[in-house]
Amino acid sequence: MSPVSEFIIISEFIIISEFIIISNFIIISEFIIISEFIIISNFIIISEFIMLRIIFLGTGGSLPTRNRNPSAVMVNREGELILFDCGEGTQQQMMRAKTGMMSLSSIFVSHFHADHFLGIPGLIQTMSFLGRKEPLTIYGPEGTGKFIELFKALGYFNLKYEIRGVELSPGDTVEGERYVVRALKTEHSIPSLGYALVENPRLGRFNREKAIELGVSPGPLFAKLQRGSPVEVDGRFVRPEEVMGIPRSGRTVVYTGDTRPCKAVLEASRDADLLIHDSSFADEMADWAEESMHSTAGEVAALAKEAGVRKLVLTHISSRYTDDVEPILKDSKKVFENVIVAEDLMELEIPYRPE
Ligand SMILES: [Zn+2]
Ligand SMILES: [Zn+2]
């Protein structure tokens with residue numbers, strides 16, 4: 001093992017000169033253990049840190065304003081891009097936010113009001129021009145299949161990749177890479193869904209000292225234990241549960257689309273890391289919020305409080321608050337402190353919870 005003086009320390013990474021770092025994967029010929037990363041001889045790597053970033057591309061209500069685009073929220077999870085809604089102009093917001101678009105794997109549409117889907121035809125055509133080959137899946141409530149066919153037939157162009165439309169019902173789940181997206185029953189004026197992105201539990205913490213104490217040599221055997229296999233040392237088997245802590249929870253992000261405060265969102269948001277909720281109006285507009293099937297800041301704050309969410313972001317902000325969102329923020333803060341009003345191009349990193 002090289003002495004520490006040969007290491008270069010860059011934030012959470014420790015790099016030895018001959019290492020190559022590709023994203024969070026560290027390839028190395030020696031072994032070393034660094035905070036969240038466990039790296040074991042000859043190409044290994046058990047990376048426990050997965051980036052989860054939320055980019056608010058469109059935070060306006062039904063009417064766009066000069067500084068708020070219609071609805072679109074992007075999740076960047078370790079380079080995989082997922083869109084929740086795709087209002088008009090989303091592709092240009094992606095350019096402004098420098099998110100890239102070719103890594104977009106799927107779009108989850110909350111409902112087919114124009115402010116939530118009009119960006120799709122333009123975006124799919126641009127990706128075709130740019131030479132996309134990978135399929136794109138668009139999920140949504142009943143009627144999704146019909147709309148996808150319309151998008152594909154809109155204008156004269158040859159789509160060079162496959163677009164799949166998948167209709168979801170409340171409770172359905174879509175499997176991703178160590179996460180699922182669950183469809184939630186929301187309450188709006190037309191068929192609608194909210195979505196909860198729920199990460200799988202993470203591995204428990206690896207007790208390196210204990211493993212050494214039990215006679216396991218650092219190296220490939222560490223990796224084997226981490227993958228859940230027992231290893232043999234001097235005729236005795238060391239089991240993973242002897243050296244691994246209890247699994248740690250993954251992160252949960254809930255996106256509602258347009259809705260009244262409702263039970264499915266409350267349940268999905270229990271202990272969630274982030275709730276992104278329709279908050280079209282301040283409480284002064286409670287009657288109209290009810291009639292138009294949207295939510296007020298105070299109503300959403302009460303739901304967030306009851307659910308025990310860690311952070312609340314209010315979005316789908318009505319054009320009547322173009323110059324001042326203070327009424328929305330004030331009504332929410334009265335009930336729930338950890339809240340912000342979304343702004344276009346705002347980005348949030350969702351950290352793991354402290355242990
Ligand atoms: Zn809307
Ligand atoms: Zn709507």
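Predicted model: local features only at pLDDT ≥ 70, side-chain atom pairs only at ≥ 80, totals over all residues.
Local features need pLDDT of at least 70 and side-chain atom pairs count only at pLDDT 80 or more, while totals for chains, interfaces and linings use all residues. Residues are numbered from 1 along each chain as its sequence is written.

**View 1. The annotated binding site.** An unreviewed UniProt entry gives the annotation "binding site" to H111, H113, H188 and D258. These residues are spread over 148 residues of sequence, yet they cluster in space, with a largest C-alpha distance of 10.4 Å. Do keep in mind that such annotations may be inferred rather than shown by experiment.

View 2. H113 sits in the loop between β11 (104–108) and α2 (114–117); helices (H or I, at least four residues) and strands (E, at least two) are DSSP runs, numbered from the N terminus. H113 is buried because 20 other C-beta atoms lie within 10 Å (buried means 20 or more, exposed 12 or fewer, partly exposed in between, with C-beta atoms placed from the backbone). Leaving aside residues up to four places away in sequence, H113 touches I190 and D258 (contact means C-beta atoms within 7 Å).

**View 3. H188 and its contacts.** Here we look at the loop between β15 (179–185) and β16 (193–199), where H188 is placed. H188 has 22 C-beta neighbours inside 10 Å, so H188 counts as buried. Residues up to four places away in sequence aside, H188 touches H111, D258, T259 and M293.

**View 4. M293, a residue with positive phi.** M293 lies in the loop between α9 (286–291) and α10 (297–307). Its phi is near 60°, a positive value in a residue other than glycine. M293 counts as partly exposed because it has 17 C-beta neighbours inside 10 Å.

Methods
Chains lettered and ligands numbered in written order. Contact = placed C-beta atoms within 7 Å.
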